Amino acid sequence: MTIQRQYTLPHCNLVLQGLSANDSDPMSPLSVLMNVECHLPGATDATLTGGREFLDSLVAAVNRYGQQLLSGVVRPAVTPGAQPPMVEVKPGDGNYHHLVVQQQPLNQPVNDTNALAPLDIKLTTVQFYDLMEAVDQLLADTQTLPDLTAQFQAVPRRLVKPAEPMAKRAAPAAIGAAALAATGLMLFFVPPPVVEPTRPEQEASNAGETDAVDPVVNGAAGTLPGDGADPVAAEAAVDQLDTAPAITDSEALTLLQQELTSRLQAAWEQDPLPSEDLTYRLVVSEDSDILGYKYQDEAALAAVDTTPLPQLTFLPVAGAEPVREAVAQFMVTFTAAGDVVADPVEMAGDDATASNGTANPVGTTNAGTPRGTTTGAAGPLPALDNRISEGDRIRQLNTTLRNRIVDNVEGPSTGESMSFRVRLDRNGDVVGYEATNPAARRRVAETPLPDLVSAPNSRLEQADFLVVFTETGVLQVSPWDGWPQ
Amino acid sequence: MSVDSPPVPQPPLMLDALTTPDLPTDECPRRARIQIDLLLLAIEALDLGGSEAMLAASRELALDSLVRGRVHLWLLRSTNPMRRYSQRRPMPLDEAKALVVIIANLARRLTVVVRQLLLGHQQLMDKQLSLDHHFRLADYLARFRSHFRARMNPRRAGVIAYSTDERLNELAIQLLEQLLLCSGVLGAQRLWSSLFDGEVS
């Protein structure tokens, strides 16, 4: 008995005709499918007909395209280049879809006379949905074709073409790598940056304590920028700095001299020691920065790298800026014995040094007293290792010292507080003394201390005393370590 | 015989129709999470009571063991990486199945509206008229745009692509078509299978 199953939707009418498996049961499934008709009212007047092959192809095409619409992932054709399937659905312009049905019977060879163009039906989304829904209802219907069931498969990863071709995807990475390589190559030729210490610009407001010999500085007389280790640049700096105002205050000069000596001594590696004395002329700022240096002979030039001068020399970066701060010049000698000796250089036209008369320090720092007393007496006192322990003796020595100074002191107050550390041996002889403030260092000649040194090489037990000449002229003498108990 | 532990809860039977895909991990892929959330967003834009309808549908379909109330639904939807408050937690496959079933169920209820909107859209496109001429469609699009902009993180690259009204309208229409396609008899299976296109091994 022939039965007919119909799936009706607004825009699709799917009709299946076949032979019933069981004549008596009206709900029995189709045993043989004879004909399939598909009407698409509103889309086409043509009726799509076919057999089982057409139906299978229609189901496959609708499944495939429906899934593509849902996911946006295009499932590639099974075998490219093979004969196109009987039914195909393709996307079209706008929101349309194209149902393409091959009308050429498969068993007929194609030739010029009987070739039929495939039927192309334009469907809206709603029309396609109705077609898909008709197919779905057929698939879900277990009483028509039980062997035809829904088989939905996700597209495997390997079948999905990447959104962009490999060359395009690799391009950003390649460009990045190339840019990195090019940058590296370029930076290879760029010298590493030299970090120059900056120092604050000093205004000429310090003129209160410095007498500006040549306050009008040539605008072009800026220090040269460049490598501090370059003796030529440093020498040029010295020449230019000749025009800078000079520091003439003797106190400042003395302080600078001491600081310079200790800095150079500390920075000098003394490896190797020079075979002869190396003498340089140094220009030093008020902050004791070495602004430039100039060798005094060929040996000094050749050996400049063994001295700490190239490292310590500070060359301002801003070359156009004229030097406006006051400077002092020193002759520095690196002796073959490993000592550093710094002497102030009197600058041309500098008459201010005469203001203190004998106070202008001349000589090495180790012999800082202008009166030429023995170096052991006036220099920094060595550590006291053989000290007097009896309290009575210390009190007695204190009195002795005080009396001797009072007896020898000349004139009234000096106007500045001066303090000294004076060392006596147990017999009351002065072994040595040391100025402990700048005023004392400068004006030691005005005190009787240089004359009082009587036993500089004494090996007896010794004690230190603090001697202070106050501003008002009062003399204070006390044991250095405090009064004994 | 004494039982030491309560019986392991079985997932609802209606999820059996959705076969577990052959994925490298047990979690939903990124695109599936985005797609589920966007479809739910489209349902909300279509139906003012959409979010309530989702919870009601989960109760009716006996899926409330998987979608446990409003907060859990929000957490599941927030696995969408485009979200402003995106959660970096995975979406398990069972919960995703439940959401797919809910989407298909709600889409079936909204079929009439969706068909009307799509037919109207097609007519406007054929006549080359702007989408404002269809009141109901313009309403849906405006609501979808505001929902999208309120909830998506505008700094994400995936969201920047939808910065203009035109792009968002396109997305809304596309989601409308997809809702229609999954409103059929086998809609849930079709949607479920499409979520893993290009992801299965």
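**Exercise 1.** How many bridges join strand E12 (residues 418–425) of chain A to E13(A)?

*Solution.* This is a predicted model: local features need pLDDT of at least 70, side-chain atom pairs count only at pLDDT 80 or more, and totals for chains, interfaces and linings use all residues. Residues are numbered from 1 along each chain as its sequence is written, chains are lettered from A and ligands numbered from 1 in the order written, and side-chain values use heavy atoms, without hydrogens and water.
Strands (E, at least two residues) and helices (H or I, at least four) are DSSP runs, numbered from the N terminus. Two strands pair if DSSP finds at least two bridges between them. E12(A) and E13(A) share five bridges and run antiparallel. In E13(A), A:Glu434 is the bridge partner of A:Arg421.

**Exercise 2.** Place the strands in their sheet.

*Solution.* The order is E13-E12-E14-E15 (chain A), an open sheet of four strands with antiparallel pairing. E13 (430–435) and E15 (475–479) of chain A each have a single partner strand, so one side of each lacks a neighbour in the sheet. From one strand to the next, the twist averages 25 degrees.

**Exercise 3.** Describe how H2(A) meets H5(B).

*Solution.* Axes are lines fitted to C-alpha atoms, for helices over the stretch in contact; angles run from 0 to 180 degrees between N-to-C directions. The axes of H2 (residues 125–140) of chain A and H5 (residues 111–126) of chain B come within 9 Å and cross at roughly 135 degrees. Contact (heavy atoms within 4.5 Å) involves A:Tyr129 of H2(A) and B:Leu118 of H5(B), among others.
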